[in-house]
Amino acid sequence: MDRNQITKWLKAPAKMANKYSLHAIYFCTGCGIIEVPPVITARWDAERFGIIPAATPRQANLFLITGYVSVKTLRAIIRTYEQMPEPKYTVGFGSCPINGGMYWDSYNTIKHLDKYIPIDGWIAGCMPRPEAIFIAVTHLWTLIEKDMANGYIRYKDNYESYRSNQEMALGKLEWPPLYPASDEHRGGE
Amino acid sequence: MNKPIKEKLESTFRDIQVAVPEDNRIAVTAEKPNVLAILRFLKDTGFDHLALLSAVDWIEDNCFELCFILTCYMQNDDEYLDSQRLHIILKTKIPRVKPQFVTITGIFPNAEPYEREIHELFGISFEGHPRLTPLFLEREYEIPPFRKDFDTRKYVEDIFDKIPFVMDKAK
């Protein structure tokens, strides 16, 4: 352990623990997932940074969205994201989740993933190198430390807008809202 | 190998054009009623693998073209014989208005997902297909999206670009 950080550990132990044990859900979206096997195995060894892949969303707190998001994948992404325990962090990887990338006029690929789920950080590039994941992770550490990686809080606060956007893209969703509307909003029902 | 198959096809079926664009390739153009018979004939001749079933939208000629690509499976264990390197492409045109064709799943069962895909993306219906349900797409489209008159840019502007960005309430 770095002795310089001992005051941080004493001040906010939970935050520091979150920061150094990111469990990445192994969700394969699009072509970017090809960069993840070298990242988590011997060549680049993400465990140096405290990242290990988690088998299921309920055991993960880092969500890497690696590549273009088709409408069908968006449904799976939302379900995965909603199952993850808090605090959870999302990183969009590659140019396609940012603004559509080369699929910006595709009939079945959504642009701007942050309209549907909150994103804490982006890695630009097509494709980004595996090193870019580590740059993003060290940047995410800074964000967590400063309480700026607050995507899951934004999701809770603006859930109605996110849910209505999701329904605009996917039609009626078959699962109940993650955060049911509070009583004063329910009104006339 | 090219020659005998070409001659056999020409002598067995009327109203077909057989071309040999290059070595190991045969392009057959046939009318719609002949197609099933030709496929069955080719399967019996040894072309027992349907490698691809695809469609082309010729919007200026007002027709769709279905392409069936047939090859052989490897017969001996180690390598292909010269006679087995042959690819046959069978093309047939169908009208663009109310496009319909007959399913070929009875001859090549692996055509099932191809036909579902074509049904979904081009709107061609296949008579006798066991289940023409959606395969890839989640949304509904007025014009099937692979047709040439489907304007993807307009569709994206109308649907995906209209979805607003989420503004953070807390700010």
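Author: Two strands are said to pair if DSSP finds at least two bridges between them. The model discussed here is predicted.

Reader: What makes strand E4 (residues 63–71) of chain B and E5(B) a pair?

Author: Eight bridges join E4(B) and E5(B), and the cut-off is at least two, so the two strands pair. Their sense is antiparallel. Within this pairing, Leu70(B) has Ile88(B) as its bridge partner.

Reader: How do you know that strand E2 (residues 25–30) of chain B pairs with strand E5 (residues 87–95) of chain B?

Author: Six bridges are found between E2(B) and E5(B); at least two are needed, and therefore these strands pair as well. They run parallel. Here Ile88(B) is the bridge partner of Ile26(B).

Reader: Why is Ala17(A) called exposed?

Author: Ala17(A) has 11 C-beta neighbours inside 10 Å. A residue counts as exposed at 12 or fewer, so Ala17(A) is exposed. Ala17(A) belongs to helix H2 (residues 13–20) of chain A.

Reader: How do you know that the span of helix H8 (residues 159–170) of chain A agrees with its number of residues?

Author: At 1.5 Å a residue, the twelve residues of H8(A) should span 16 Å. The end C-alpha atoms are 16 Å apart, so the two values agree. Just after this helix, Gly171(A) adopts a positive phi of about 80°.

Reader: Which residues make up the side of chain B that touches chain A, by kind?

Author: The contact takes 15 residues from chain B and 19 residues from chain A. On the chain B side, nine are nonpolar, one is polar and five are charged.

Definitions and conventions: Residues are numbered from 1 along each chain as its sequence is written. Chains are lettered from A and ligands numbered from 1 in the order in which they are written. This is a predicted model: local features need pLDDT of at least 70, side-chain atom pairs count only at pLDDT 80 or more; totals for chains, interfaces and linings use all residues. Two residues are in contact if their C-beta atoms, placed from the backbone, lie within 7 Å. Ala, Val, Leu, Ile, Met, Phe, Trp, Tyr, Cys and Pro count as nonpolar, Asp, Glu, Lys and Arg as charged, and the others, Gly among them, as polar. Helices (H or I, at least four residues) and strands (E, at least two) are DSSP runs, numbered from the N terminus. The expected span of a helix is 1.5 Å times one less than its number of residues. A residue is buried if 20 or more other C-beta atoms lie within 10 Å of its own, exposed if 12 or fewer, and partly exposed in between; C-beta atoms are placed from the backbone.
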